[in-house]
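Subject: Structure handover

Hi,

Here is the structure I promised you. Please open it alongside this message.

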Amino acid sequence: MEKVSVIIPTWNSASTLIATIKSCLNQTTPPFEILVCDDGSTDNSEGAVRVIGDSRVIWAPGEHSGTPAIPRNRGIAMAKGEWIAFCDSDDEWLPTKLEKQLVLANNLDYKASCTVALVKIDGIITKEVVSSWKKNTFTFCNALHSNDIVGSSVLMHSSIVKEIGEFTPIIENASFADYMYWLRAMTKTNFAYVCEPLVIYDDHPKTSLRATSLSDEALQKVVFADFTDWARNHLGNQAPAFILKIGKYKARESVRKIVSKIWHVWKK
């Protein structure tokens, strides 16, 4: 059985953390270890975790940084599994998540995987999904159009993590760090996309990062600039090919917007 290390960044999430951990433990393909990487919590998170009493669940304390990237990076440094899975401390997994991801990733010979997620609002699991992606493969070019990867669904081989390094710590608009990381990973492998909701995403519309983040266009501008710098420093001869893909995407989007404006003017 392939060993999976689960990384859960947390900060003052005692009310949801235990359900998150138990959903990770209750997998048909059980994880090798669960690294609960704290960001300086002041509630009873540590005590609640220790009550679980499972040797696979490891409390990894740290000072408060204000960004999930820092505790995630601590988990990456500690992880001993062949695969690394990420899960936020207010989300949950359905029991077959890891099993179905590993099967599809191995069948497609990819080194990363993600799934669709159901949205939970105010404690109620809705029929709404975070992504409506319908194919089993998600590529770098697909990700340029939109970030259809749910962070709490990501499973990535440790060899990919070693190649691309750590998450970039970002305090303001911290959701950028996820998107940046997935793009970097997709220079090494496609994502095996399980088109089935195997994650429950706890949405907080008024307080979530998405509520205060920039527009999609502004977000892409920041992320693409970061990726271009990273590619030039880390991809060597491969960098121009990926930078060109971004350039082609931008050109197509510019043409699409011009055509759209002309169409709206013509209709009037």
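Below is what I found in it, from the overall build down to single residues.

**Overall build**

Keep in mind that this is a predicted model. The protein has ten helices and ten strands. Its radius of gyration is 19 Å, close to the 18 Å that the globule rule gives for 268 residues, so it is as compact as a globular protein of that length. Along the principal axes, the C-alpha atoms fill a box of roughly 65 × 45 × 35 Å.

Of the 268 residues, 48% count as buried. The accessible surface comes to about 13300 Å². Carbon and sulfur atoms hold 55% of that surface.

**The cores**

In soluble globular proteins, nonpolar side chains tend to be buried together. Here the largest nonpolar core has 46 residues. Met156, Trp182, Leu183, Met186, Phe191 and Phe227 touch the most other members. Helix α7, residues 175–185, gives the most to this core, with eight residues. A second, separate core has 31 residues. Val36, Val57, Trp59 and Leu102 are among them.

Leaving out residues up to four places away in sequence, tryptophan 182 touches Phe86, Asn147, Ile149, Gly151, Val154, Met156, Phe167 and Phe191.

Strands β1 and β2 pair in the parallel sense, over six bridges. Isoleucine 7 stands opposite leucine 35 in β2.

Strand β2 covers residues 33–38, and six of its six residues are buried. Glu33, Leu35 and Cys37 point one way from the strand. Ile34, Val36 and Asp38 point the other way. Note that both sets are buried.

Serine 5 lies in strand β1, residues 4–10. Is serine 5 buried or exposed? Serine 5 counts as buried, because its relative accessibility is 0% and the cut-off is under 20%. Leaving out residues up to four places away in sequence, serine 5 touches Phe32, Glu33, Ala79, Lys80, Gly81, Trp83, Ile84 and Ala85.

Helix α3, residues 69–78, is mostly covered too: seven of its ten residues are buried. Those residues are Ala69, Pro71, Arg72, Asn73, Arg74, Gly75 and Ile76. What covers them includes β1, β2, β3 (57–60), β4 (83–86), α6 (158–164) and α7.

**Cysteines**

How many disulfides are there? The count comes to zero. Cysteine 24 is in no disulfide. The nearest cysteine sulfur to it belongs to cysteine 87 and is 4.3 Å away. Cysteine 24 is buried, with a relative accessible area of 0%.

Cysteine 195 is another one to look at. Its closest cysteine sulfur is in cysteine 114, at 8.7 Å, which is too far for a bond. Cysteine 195 is partly exposed, with a relative accessible area of 33%.

**Two aspartates with positive phi**

Aspartate 109 has a phi near 60 degrees, a positive value in a residue other than glycine. Aspartate 109 lies in the loop between α4 (97–108) and β6 (112–121). At 62% relative accessibility, aspartate 109 counts as exposed.

Aspartate 122 also has a positive phi, near 55 degrees. This residue lies in the loop between β6 and β7 (124–129). β6 and β7 form a hairpin with two residues between the strands. The two strands pair in the antiparallel sense over three bridges. Lysine 120 stands opposite isoleucine 125 in β7. At 75% relative accessibility, aspartate 122 counts as exposed.

Best wishes

Notes. Residues numbered from 1 in each chain as written. Predicted model: local features only at pLDDT ≥ 70, side-chain atom pairs only at ≥ 80, totals over all residues. Heavy atoms only, no water. Disulfide = S-S within 2.5 Å. Buried < 20%, exposed > 50% of the residue type's maximum accessible area, 1.4 Å probe, protein only. Helix = DSSP H or I, 4+ residues; strand = E, 2+ residues; numbered from the N terminus. Pairing = 2+ DSSP bridges. Rg over C-alpha atoms; globule rule 2.2 N^0.38 Å. Areas by Shrake-Rupley, 256 points an atom, 1.4 Å probe, with all protein chains shown as cover. Core = buried A, V, L, I, M, F, W, Y, C linked by side-chain atoms within 4.5 Å. Contact = heavy atoms within 4.5 Å.
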